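Biologist: I am new to this structure and would like to learn how to read it. Could you walk me through a few features?

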Amino acid sequence: MARISRRKLLRKGGQAAFASSVALCSSSPLVAREKKPSVKGVDYYEKLGLTPFINAAGTYTVLSASIMPDEVQAAIALASKQPVNLNELLDKSGEYLAKRLRCEAALVTSGAAAALVVGTAACVTKGNDSAILGIPTDMSALKNEVIIQKTHRYGYDHALRNCGIRFVEVDTLEQYEQAFNEHTVMAHFFNAGEGKIGREDWVRVAHQHGVPCFNDAAADVPPISNLWNYTQMGFDLVTFSGGKGLRGPQCTGLLLGRKDLIDAAKKNNSPNSNTIGRGMKVAKEEIVGLVAAVDWFLSQDDAAMEAEYRKRAERIAESLKSIATVQTQVFVPAVAANHVPHLLITYDQNRIKITGAEVMEKMREGKPRIELNPSTGEAPASAGLPGGPNTIVVGVWMLQPGEEVIVAKRLREVLEAAISA
Ligand SMILES: *Cc1c(COP(=O)(O)O)cnc(C)c1O
């Protein structure tokens with residue numbers, strides 16, 4: 001660790017020298033900027049031979065999740081023009097976000113998955129800086145058990161296991177209460193998961209044992225208030241994806257929570273080298289982009305967003321209703337994730353001779369290319385909704401205004417062609 005502190009000293013020295021040289025010439029601008037002619041960007045999607053699509057799916061990672069609002073794109077373009085100190089930017093953006101999101105502290109990470117890594121690393125290494133270098137391989141002297149509901153084991157738990165922890169699975173509240181011991185380092189909760197133990201009990205029992213608890217709410221805005229609901233409920237750490245409902249850069253995430261844990265997470269994160277988070281660097285453009293996205297999102301209104309999505313879904317439904325046997329229903333998924341109006345379309349496959357999966361493929365191959373929600377063709381029946389192969393799900397919330405008209409027209413063409421086929 002001597003090496004790290006020497007480097008820190010060097011860095012501080014460098015900053016001091018920089019500050020004094022700036023002070024010397026503070027009366028004149030640092031750089032005389034010339035007005036450059038504006039550059040027209042190259043369309044690299046075209047140049048590389050990619051076909052972008054209309055996103056009628058939702059905020060799916062592999063589909064690049066979301067499009068940033070103009071305000072966010074403009075803030076990123078501005079931020080890209082001047083160098084800054086990354087630690088200063090992380091500190092200042094964290095303070096700003098914590099204030100806006102009503103929590104003690106905040107950190108911009110390279111995604112919710114990265115927030116899971118550095119948040120878990122924070123719990124494992126807090127108060128023990130030499131452990132920062134040691135995880136995930138040198139765990140022998142460290143607490144390493146994370147309690148989780150069996151039903152909350154999910155596609156992102158590798159992020160926690162990256163820190164050398166092992167999961168202790170519980171099912172009932174009684175098992176949860178008995179799972180704590182001297183090795184317990186964290187209790188993890190999957191916000192959109194289902195299980196016998198609710199959020200309040202999860203927090204209460206963890207705190208009785210002095211153990212921090214983490215809530216993964218990556219895909220769980222809107223509603224806007226979720227951005228503070230879970231920290232105010234007592235979760236010590238909470239994460240949201242920056243690029244899903246928030247519509248910031250896809251490679252960003254929010255880690256919100258207790259100041260001591262956020263400070264510990266920072267120590268485990270880029271730009272510090274030889275840390276578990278060093279590979280999860282967030283650039284200045286992305287940090288600023290997420291702050292701008294939070295500002296943008298907080299200026300929105302839940303009811304207005306919901307009304308807009310409902311209107312889009314109803315517009316598509318309206319244009320399909322005259323096709324024989326087609327039934328439509330606007331629904332909001334029952335879980336906390338993607339909790340916005342979607343359109344469910346069902347039909348009699350004896351009349352319309354095509355499966356949902358085939359419709360999805362035809363929409364993907366058509367012009368323009370359109371991606372439907374991935375539960376199309378296999379939507380599970382739930383909460384009074386029909387499911388099965390003859391289902392089409394349209395995620396309308398990531399459509400650009402007006403695109404619902406194009407989606408409706410193409411769906412109509414595909415379904416009608418399957419009648420005469
Ligand atoms: C999307 C998602 C993540 C990962 O988020 P990124 O921002 O892409 O890293 C983690 N957990 C859950 C529940 C998610 O839905």
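Modeller: Gladly! Keep in mind that this is a predicted model. Let us begin with strand β7 (residues 237–241), which pairs with β8 in the antiparallel sense over five bridges.

Biologist: What do strands of a sheet pair through?

Modeller: In general, strands of a sheet pair through backbone hydrogen bonds, and the pairing is either parallel or antiparallel. Here, leucine 237 is the residue opposite glycine 257 in β8.

Biologist: Which strand is joined to β8 by five bridges and has residues 105–109?

Modeller: That is strand β2, and β2 and β8 run antiparallel. Across from leucine 255 in β8 you will find leucine 107.

Biologist: Is strand β8 mostly covered or mostly open?

Modeller: Strand β8 (residues 253–257) is mostly covered, with five of its five residues buried. Look at the directions too: Gly253, Leu255 and Gly257 point one way, while Leu254 and Leu256 point the other way, and all are buried.

Biologist: Now to another sheet. What is the order of strands in the open sheet of three strands?

Modeller: The order is β9-β10-β12, and the pairing is antiparallel. The edges are taken by β9 (327–331) and β12 (391–395), each with a single partner strand, so one side of each has no neighbour in the sheet. On average, neighbouring strands of this sheet are turned by 20° against each other, ignoring direction.

Biologist: How many bridges pair β9 with strand β10?

Modeller: Five bridges, in the antiparallel sense, link β9 to strand β10 (residues 342–346). As one example, phenylalanine 331 has histidine 342 in β10 as its bridge partner.

Biologist: Let us turn to helices. What describes two packed helices?

Modeller: The general idea is to give the angle between their axes and the distance between the axes. In this model, helix α14 (residues 356–365) packs with helix α15 (residues 403–420) at an angle of about 125°, and their axes are 10 Å apart.

Biologist: Is the crossing of α14 and α15 right-handed or left-handed?

Modeller: The crossing of these two helices, α14 and α15, is right-handed.

Biologist: Which residues in α14 meet α15?

Modeller: From α14 come Val359, Lys362 and Met363, and they meet Val407, Arg410, Leu411, Val414 and Leu415 in α15. The residues of this contact between α14 and α15 divide into six nonpolar, two charged and no polar.

How values were computed:
Residues numbered from 1 in each chain as written. Predicted model: local features only at pLDDT ≥ 70, side-chain atom pairs only at ≥ 80, totals over all residues. Heavy atoms only, no water. Axes fitted to C-alpha atoms, helices over the stretch in contact; angles between N-to-C directions. Helix = DSSP H or I, 4+ residues; strand = E, 2+ residues; numbered from the N terminus. Left-handed = near helix turned anticlockwise from the far one by under 90°. Contact = heavy atoms within 4.5 Å. Nonpolar A, V, L, I, M, F, W, Y, C, P; charged D, E, K, R; others polar. Pairing = 2+ DSSP bridges. Buried < 20%, exposed > 50% of the residue type's maximum accessible area, 1.4 Å probe, protein only.
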